[in-house]
Amino acid sequence: MSQNSRVVVIGGVAAGMSAASQLKRLRPEVEVTVLEAGGDVSYGACGMPYVLENRGDMESQIVVTAEQFRQERHIDVRLHTRALKIDRLVQVVTAQTPNGEAAFPYDQLLIATGARPVIPPLPGIDLPGVRPLKALEDGRWWSAQIREAQRVVIVGGGYIGLEMAQALQARGLSVTVVEQAPRLIARWSEAASTAALRALEGRGIKVRCDVSVAAIEGEGKVEAVVLSGGERLLADRVLLAIGVRPNSELAADAGLTLGPAGAIITDHACRTSDAHIFAAGDCATAPHRITGQPAWIPLGSTANKQGKTAGEAMAGQEAGFAGIVGTAIFETCGQVFATTGLSVAQAQEAGFDPVAATVLGATQAHGMPHPGRTSVTLIADRSGRLLGAEIYGDEGVKGRIDTVAALLGVGGTVTDLGDTDLAYCPPQSPVWDPLLIAAHKVAQKIGG
Ligand SMILES: Cc1cc2nc3c(=O)[nH]c(=O)nc-3n(C[C@H](O)[C@H](O)[C@H](O)COP(=O)(O)OP(=O)(O)OC[C@H]3O[C@@H](n4cnc5c(N)ncnc54)[C@H](O)[C@@H]3O)c2cc1C
């Protein structure tokens with residue numbers, strides 16, 4: 001057998017199947033085996049809140065089925081097969097299969113085990129009716145339950161909690177979001193949190209911040225959520241949305257180097273501290289293009305790119321994932337929220353001298369009948385180098401954040417942004433786009 005002819009992939013969703021597919025495209029002769037603990041591969045978790053909102057079919061989120069991978073791409077997908085141990089010395093993965101334990105030898109290995117939802121150790125957490133939304137199986141569960149549910153408490157006011165608040169409210173349920181931090185989307189600016197709060201409350205969604213969940217109560221199924229002050233919120237379903245943690249235990253036990261949040265450290269080729277082992281997606285770090293440090297920002301956009309990179313690298317190509325700048329976007333209740341790069345606090349922590357300016361502007365030109373509003377906060381180093389942006393509002397958010405993200409990726413400056421020849425027509429933006437005004441404001445602050 002030629003060198004690197006057996007590749008094992010652990011985890012079969014975004015990163016794992018992107019890697020397996022890319023590798024097979026480039027080197028069809030390589031034997032690729034995917035070990036997947038669950039019963040699904042290659043699905044889009046990101047779309048699940050929208051499927052729920054629109055009464056869609058959860059199965060539509062499957063991009064390619066396990067059977068299609070086997071038949072059309074000649075990838076040996078093993079479902080319900082959980083990797084238990086990686087023996088780096090003899091290059092073997094031991095896994096629990098439906099027929100008992102089995103050994104899977106590898107020349108190269110990809111760890112694409114993703115992340116798991118945080119489940120707080122609360123009294124009543126195991127009651128029927130309490131569930132996160134992470135895997136497709138969770139999506140199926142919510143899809144079935146939503147028809148009978150009436151009152152849902154969402155624990156966690158991050159982006160998944162807020163996307164689901166919109167979806168469940170749109171389906172006619174009574175929704176309360178409970179957030180332990182003093183405000184929703186607590187890592188964002190206070191103004192963004194306030195905008196999110198207004199958007200939710202505007203749709204009749206109740207929000208309780210600065211209070212934690214003490215217990216979940218019910219006889220045989222969830223009936224109420226008890227808050228730290230003793231208040232009881234009636235609930236027949238509870239969504240847990242308090243974040244995720246990387247599934248990196250296999251890597252840790254095998255002695256691979258871990259980084260921020262315990263995610264597996266990878267380089268630009270998605271290689272770990274073992275030259276034969278790669279890691280990609282939510283279980284791994286990615287090089288941050290601004291700080292130059294490994295960062296853990298678990299997103300589907302990154303998982304797909306890292307998976308493709310790992311596939312190329314395992315095929316022996318000069319693979320290079322440029323890295324991330326942390327661009328993220330979500331929408332809830334008519335408002336779109338996006339960030340890229342570093343916040344002021346993160347910039348300070350990374351040793352920059354940040355200067356920031358915020359512009360509140362219209363999304364259309366003067367005289368248009370239905371102009372929306374947007375807030376653009378731009379952050380730059382005193383040297384002029386762009387460091388980040390937070391943009392939210394009614395419309396046009398994606399185009400603006402992507403413009404900043406593109407410049408961040410190439411080390412652009414506020415002057416570069418201010419000089420950018422942005423498109424203009426009255427229904428799409430004012431002639432002076434809020435992004436350009438923000439760039440000029442930051443440049444003035446730096447100059448002054
Ligand atoms: C509701 C929701 C909305 C989202 N929205 C967005 C969005 O809008 N934009 C965005 O960029 N991202 C979004 N994300 C995040 C995105 O879905 C994830 O970043 C992406 O799925 C990560 O892919 P992955 O392949 O790294 O990991 P996962 O999707 O977590 O897959 C890992 C797989 O590995 C398997 N596995 C784990 N351990 C083992 C083992 N020991 N043996 C075998 N198999 C194992 C698991 O069963 C799992 O199937 C969202 C996520 C959710 C849940």
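**Chatting about rings and a sheet**

Trainee: Hi! Are tryptophan 141 and tryptophan 142 buried or exposed?

Mentor: Both tryptophan 141 and tryptophan 142 are buried. Keep in mind that we are looking at a predicted model.

Trainee: Got it. How are the rings of tryptophan 141 and tryptophan 142 arranged?

Mentor: Their planes stand at 85 degrees and their centres are 4.9 Å apart, so this pair is edge-to-face. For an edge-to-face label, the angle has to be over 60 degrees.

Trainee: And what kind of pair do tyrosine 159 and phenylalanine 330 form?

Mentor: A tilted aromatic pair, with 45 degrees between the planes and 6.3 Å from centre to centre.

Trainee: Where do tyrosine 159 and phenylalanine 330 lie?

Mentor: Tyrosine 159 is in helix 5, residues 159-170, while phenylalanine 330 is in strand 21, residues 328-332, so the pair ties together parts 171 residues apart in sequence.

Trainee: Is phenylalanine 330 buried or exposed?

Mentor: Phenylalanine 330 counts as buried, at 5% relative accessibility. Tyrosine 159 is partly exposed, with a relative accessible area of 37%.

Trainee: Which residues do ring pairs link into a cluster?

Mentor: The cluster holds Tyr159, Trp188, Phe330, Phe337 and Tyr392.

Trainee: New topic: how many strands form the open sheet?

Mentor: There are 5, in the order 21-22-25-24-23, with antiparallel pairing. Strand 21 and strand 23 (354-362) are the edge strands, each pairing on one side only. From one strand to the next, the twist averages 10 degrees.

Trainee: Over how many bridges do strand 21 and strand 22 pair?

Mentor: Strand 21 pairs with strand 22, residues 335-341, over 5 bridges in the antiparallel sense.

Notes:
Residues numbered from 1 in each chain as written. Predicted model: local features only at pLDDT ≥ 70, side-chain atom pairs only at ≥ 80, totals over all residues. Heavy atoms only, no water. Phe/Tyr/Trp six-rings, centres within 6.5 Å; stacked < 30°, edge-to-face > 60°. Buried < 20%, exposed > 50% of the residue type's maximum accessible area, 1.4 Å probe, protein only. Helix = DSSP H or I, 4+ residues; strand = E, 2+ residues; numbered from the N terminus. Pairing = 2+ DSSP bridges. Axes fitted to C-alpha atoms, helices over the stretch in contact; angles between N-to-C directions.
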